[in-house]
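The entries follow the order in which I looked things up.

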Amino acid sequence: MKKLTKADRDLFLDTIEPIIGNENMQETKKLIQHGNVSVFAHSLAVAAYSMKLGAMLEWDIDKRSLIRGAVLHDFFMYDWHRVNDIGDGLHGFAHPNTASKNALRHFRLNKLEIDIIRKHMWPLTFTKLPKYRESWLVCIADKYCSLLETLGLSTYNDDTFVKMGRNRITKTIL
Ligand SMILES: [Fe+2]
Ligand SMILES: [Fe+2]
């Protein structure tokens with residue numbers, strides 16, 4: 001996939017900064033999503049690939065909301081491999097709502113960001129059709145990243161977006 005422009009890369013890094021600084025977001029490094037990839041790395045990768053897909057399609061999108069919604073789309077805070085039902089229903093169906101509730105406890109989200117989080121599991125959650133272009137991008141990027149992770153083909157980890165610094169990120173994912 002094509003690289004993002006410098007302006008888009010800077011926007012990405014500036015937008016994720018306050019979110020990944022959140023204590024609970026840091027806790028998601030301890031939770032595994034697929035394979036050996038944490039929920040933290042998965043969430044950031046989904047945000048990065050959503051941006052790349054949006055750029056590839058040349059869609060007119062709210063990039064800041066796209067990144068914020070994507071980073072928080074799996075902010076559910078429990079190990080779904082151990083606890084598949086936290087009381088709201090099976091993980092696959094229930095976690096978009098759990099994630100949006102959690103996210104709203106820590107961040108002020110706009111309607112687009114909430115839609116991104118709540119609708120990202122479509123078509124599993126069949127009645128929750130993504131409403132905005134940004135929600136579609138995250139819905140697709142999430143499936144793409146999940147597949148890479150499950151097959152062991154993903155190239156990112158917790159440090160990809162944090163410790164390696166801007167140039168390194170640019171070379172790997174963005
Ligand atoms: Fe999810
Ligand atoms: Fe996800």
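I began with H1 and H3, whose packing angle is about 150° with the axes 12 Å apart, where axes are lines fitted to C-alpha atoms, for helices over the stretch in contact, and angles run from 0 to 180 degrees between N-to-C directions. H1 and H3 are therefore roughly antiparallel to each other, given that angles under 35 degrees count as roughly parallel, over 145 as roughly antiparallel, 65 to 115 as roughly perpendicular and the rest as oblique. Helices here are DSSP runs (H or I, at least four residues), as are strands (E, at least two), and both are numbered from the N terminus. I looked up the residues that meet and found Asp8, Phe12 and Ile16 on the H1 side, with Leu44, Ala47, Ala48, Met51 and Ala55 on the H3 side; contact requires C-beta atoms, placed from the backbone, within 7 Å.

Provenance comes next: this is a predicted model, in which local features need pLDDT of at least 70 and side-chain atom pairs count only at pLDDT 80 or more, while totals for chains, interfaces and linings use all residues. Residues are numbered from 1 along each chain as its sequence is written, and chains are lettered from A and ligands numbered from 1 in the order in which they are written.

How many residues of H3 are buried? I found 15 of the 19, so H3 is largely enclosed by the rest of the structure; a residue is buried if 20 or more other C-beta atoms lie within 10 Å of its own, exposed if 12 or fewer, and partly exposed in between. From its first C-alpha to its last H3 reaches 27 Å, close to the 27 Å expected at 1.5 Å a residue, the expected span being 1.5 Å times one less than the number of residues.

I then turned to the largest nonpolar core, which has 35 residues, with Leu44, Ala45 and Ile67 among those that have the most contacts inside it. Such a core is a set of buried Ala, Val, Leu, Ile, Met, Phe, Trp, Tyr and Cys residues joined through C-beta atoms within 7 Å. The largest share of this core, 10 residues, comes from H3. Leaving aside neighbours within four places in sequence, Leu44 is in contact with Ile16, Val71 and Phe161.

For H4 and H6 I noted an angle of about 40° and axes 8 Å apart, which makes H4 oblique to H6. Ser65, Arg68, Gly69 and Ala70 in H4 meet Leu112, Glu113, Ile116 and Ile117 in H6.

On H7, the 18 residues should span 26 Å at 1.5 Å a residue, and the end C-alpha atoms are 26 Å apart, which agrees. The buried residues of H7 include Trp136, Cys139 and Asp142, and what covers the buried residues of H7 includes S1, S2, H3, H4 and H6.

Last, the loops. Trp80 lies between H4 and H5 and counts as buried, with 20 C-beta neighbours inside 10 Å; beyond four places in sequence, Trp80 is in contact with His91 and His95. Met77, also placed between H4 and H5, has a positive phi near 65° without being glycine. Glu58, which follows H3, has a positive phi near 55° and counts as exposed, with 7 C-beta neighbours inside 10 Å. Between H6 and H7 I found Pro123, joined to Trp122 by a cis peptide bond with omega about 10°.

Notes
Two residues are in contact if their C-beta atoms, placed from the backbone, lie within 7 Å.
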